[in-house]
Amino acid sequence: MINVDDLFDYVSFTIDHEPHIVLDPGVCATCNHRGCTTTCPARCYTWSEEDQKIGFVYDGCLECGTCYIVCDKQAFTRWRYPRGGFGVSFRLT
Ligand code: SF4
Ligand code: SF4
């Protein structure tokens, strides 16, 4: 069995300069649960208490769709899969 942290041994990324997920940080600043920070398996989301600001990096996104489901605040100004040829590749065989 593979846990999520081990999964990164079996994936590679071709990173697009154009982010496939874009957030409105102003919406996140008013979010009362920040579920993305606790459910994203790639830990792409972080919350800074000091800055009262969401941090997001798309480079390690596993394209699982969890954040799209978890966010009930319409914080995404863009959410799509990476353009063809970019994003995660799984090497599980
Ligand atoms: S992305 Fe959605 S769930 Fe995450 S902090 Fe922003 S508003 Fe909340
Ligand atoms: S699609 Fe999955 S891996 Fe990518 S940012 Fe959302 S929760 Fe994280």
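Q: How do the residues of the shell around ligand 2 divide by class?
A: This is a predicted model. In it, the shell around ligand 2 has nine nonpolar residues, two polar and one charged.

Q: Which residues are around ligand 2?
A: Ile21, Cys40, Pro41, Ala42 and Cys44 are there, along with Cys61, Leu62, Glu63, Cys64, Gly65, Thr66 and Cys67.

Q: And what surrounds ligand 1?
A: The shell around ligand 1 consists of Leu23, Val27, Cys28, Cys31, Arg34, Gly35, Cys36, Ile54, Val70, Cys71, Lys73 and Ala75. Two elements, α2 (25–29) and α3 (35–39), each give two or more residues to that shell.

Q: What's the class breakdown for the shell around ligand 1?
A: Nine nonpolar, one polar and two charged residues.

Q: Val70 is on that list. Where is the place of valine 70?
A: Valine 70 sits in helix α4, which covers residues 66–70.

Q: What is valine 70 in contact with, leaving aside its neighbours in sequence?
A: Beyond four places in sequence, valine 70 contacts Gly35, Cys36 and Thr39. As for cysteine 40, which is 30 residues away along the chain, its C-alpha atom is 9.4 Å from that of valine 70.

Q: Switching topic. Which residues make up the largest nonpolar core?
A: The core has 12 residues in all, among them Ile21, Leu23, Tyr45, Ile54 and Ala75. Several cysteines belong to it too, including Cys28, Cys36, Cys40 and Cys61. In soluble globular proteins, nonpolar side chains tend to be buried together.

Q: How much of the chain do buried residues make up?
A: 13% of the 93 residues.

Q: Now the overall layout. How many helices and strands does the chain have?
A: Four helices and six strands. From the N terminus on, the order is α-β-β-α-α-β-β-α-β-β.

Q: What share of contacts comes from residues 24 or more positions apart?
A: Of the contacts with a separation of 6 or more, such residues account for 72%.

Methods
Residues are numbered from 1 along each chain as its sequence is written. Chains are lettered from A and ligands numbered from 1 in the order in which they are written. This is a predicted model: local features need pLDDT of at least 70, side-chain atom pairs count only at pLDDT 80 or more; totals for chains, interfaces and linings use all residues. A residue is near a molecule or strand if its C-beta atom, placed from the backbone, lies within 6 Å of it. Ala, Val, Leu, Ile, Met, Phe, Trp, Tyr, Cys and Pro count as nonpolar, Asp, Glu, Lys and Arg as charged, and the others, Gly among them, as polar. A residue is buried if 20 or more other C-beta atoms lie within 10 Å of its own, exposed if 12 or fewer, and partly exposed in between; C-beta atoms are placed from the backbone. Two residues are in contact if their C-beta atoms, placed from the backbone, lie within 7 Å. A nonpolar core is a set of buried Ala, Val, Leu, Ile, Met, Phe, Trp, Tyr and Cys residues joined through C-beta atoms within 7 Å.
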